[in-house]
Amino acid sequence: MELRPLGNTGLKVSAVGFGASPLGSHYTPVAEDDAIAAVHEAFRLGINFFDTSPYYGGTVSEKVLGKALKTLQVPRSDFIVATKCGRYVEGFDFSAERVRKSIEESLENLQLDYVDILHCHDIEFWSLDQIVNETIPALLKLKQEGKIRFIGITGLPLNTFTYVLDKVPPGTIHVILSYCHYSINDSTLLDMVPYLKSKGVGVITASPLSMGLFTEQGPPEWHPASPEIKSACKAAVAHCKSKGKKITKLALQYSLANKEISSVLVGMGSVSEVEENVAAFTELESLGMDQETLSEVEAILEPVKNLTWPSGINHK
């Protein structure tokens, strides 16, 4: 598994990152034994970057990930953990007081003394000025205390990143986590990469499958994409299936192929999912992408290319 530098942090994260939301049964039930086995297999196959949040399963994801990492019985420096603050099952709270309480809870759940990255979670749903003036200063204090190493922000609309990054001193924010903006149907994150590099900010992307648009079962009913986008993605899925190809593999490889992106987070809740995702990376490195099928899929998606939806997921 390739390890890629993350901005100016000095961290080297695995190209495939372990998205731990499934460990909290965030979308479908995942048994704890299966979840722990998935984390162990991921680590064995070279994945060193694990991303969670207290929002995923109401802290269950953090607790299960913590247990899995503890039972690896390896040095703490062998793995990199990111969690988040500000978004909880009960709602949003980016106050300095809640952020401090949040990291204490997360460290207890994860059974760790520090996390490598603490992200402000889904900032578009809150006052960006509060994030700048209250949340980030609170995180800087936590960094000084050694409870977190680096500060990140996550969200869907790309302009939320520029708003915050332009208002804080250079070097304050180390990482951004973007989702659904570097997949086959939407590669608008690319336009921002030079700007992010100029700010010294590392880039993590998530949801190469566009929150289920590139799966045979299709997206969940609450998916915010327009009917036009959903229809085009469904056609792309059907085309790949008719050729005996896996669009999930193609979509993941599309995101992994860009080395400007440090890590592509993929939600995993079973050993088989881990093995499938690592195999997609290994195949990409040895054989390259299936350019013929990719071109056909891109032609199907051309009418909706880079069309997005206005904000992230705000469903119960």
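## Ser207

Is Ser207 buried or exposed? Ser207 is buried, because its relative accessible area is 16% and the cut-off for buried is under 20%. This is a predicted model.

Ser207 sits in the loop between strand 11 (202–206) and helix 7 (227–242). Leaving aside residues up to four places away in sequence, Ser207 touches Tyr179, Cys180, Ser183 and Leu265.

## Helix 1 against helix 9

Two packed helices are described by the angle between their axes and the distance between the axes. Helix 1 covers residues 32–44 and helix 9 covers residues 271–287. Their axes come within 8 Å and cross at roughly 25 degrees. Angles under 35 degrees count as roughly parallel, so helix 1 and helix 9 are roughly parallel to each other. The crossing of helix 1 past helix 9 is right-handed.

Which residues meet in this contact? Helix 1 brings Ala37, Ala38, Glu41 and Ala42. Helix 9 brings Val271, Val274 and Glu275. By class, the contact has five nonpolar residues, two charged residues and no polar ones.

## Salt bridges

The count comes to 23 salt bridges. One of them pairs Glu104 with Lys147, with the closest N and O atoms 2.7 Å apart. Glu104 lies in helix 3 (residues 96–110), while Lys147 lies in the loop between helix 4 (128–144) and strand 9 (148–155). The pair therefore ties together parts that are 43 residues apart in sequence. Glu104 is partly exposed, at 35% relative accessible area.

## Bridges from the helix 7 to helix 8 loop

Lys245 and Asp290 meet through their side chains in a salt bridge of 3.1 Å, N to O. Lys245 lies in the loop between helix 7 and helix 8 (247–256). Asp290 lies in the loop between helix 9 and helix 10 (291–301). This pair thus ties together parts that are 45 residues apart in sequence. Lys245 is partly exposed at 36% relative accessibility. Asp290 is partly exposed too, with a relative accessible area of 25%.

Lys246 forms a salt bridge with Glu276, and the closest N and O atoms are 3.4 Å apart. Lys246 lies in the loop between helix 7 and helix 8, and Glu276 lies in helix 9, so the pair ties together parts that are 30 residues apart in sequence. Lys246 counts as partly exposed at 48% relative accessibility. Glu276 counts as partly exposed at 39%.

Key. Residues are numbered from 1 along each chain as its sequence is written. This is a predicted model: local features need pLDDT of at least 70, side-chain atom pairs count only at pLDDT 80 or more; totals for chains, interfaces and linings use all residues. Side-chain values use heavy atoms; hydrogens and water are left out. Axes are lines fitted to C-alpha atoms, for helices over the stretch in contact, and angles run from 0 to 180 degrees between N-to-C directions. Helices (H or I, at least four residues) and strands (E, at least two) are DSSP runs, numbered from the N terminus. Angles under 35 degrees count as roughly parallel, over 145 as roughly antiparallel, 65 to 115 as roughly perpendicular and the rest as oblique. A crossing is left-handed if the near helix is turned anticlockwise from the far one by less than a right angle, and right-handed if clockwise. Contact means heavy atoms within 4.5 Å. Ala, Val, Leu, Ile, Met, Phe, Trp, Tyr, Cys and Pro count as nonpolar, Asp, Glu, Lys and Arg as charged, and the others, Gly among them, as polar. Buried means under 20% relative accessible area, exposed over 50%, partly exposed in between (1.4 Å probe, protein chains only). A salt bridge is a side-chain nitrogen of Lys or Arg within 4 Å of a carboxyl oxygen of Asp or Glu.
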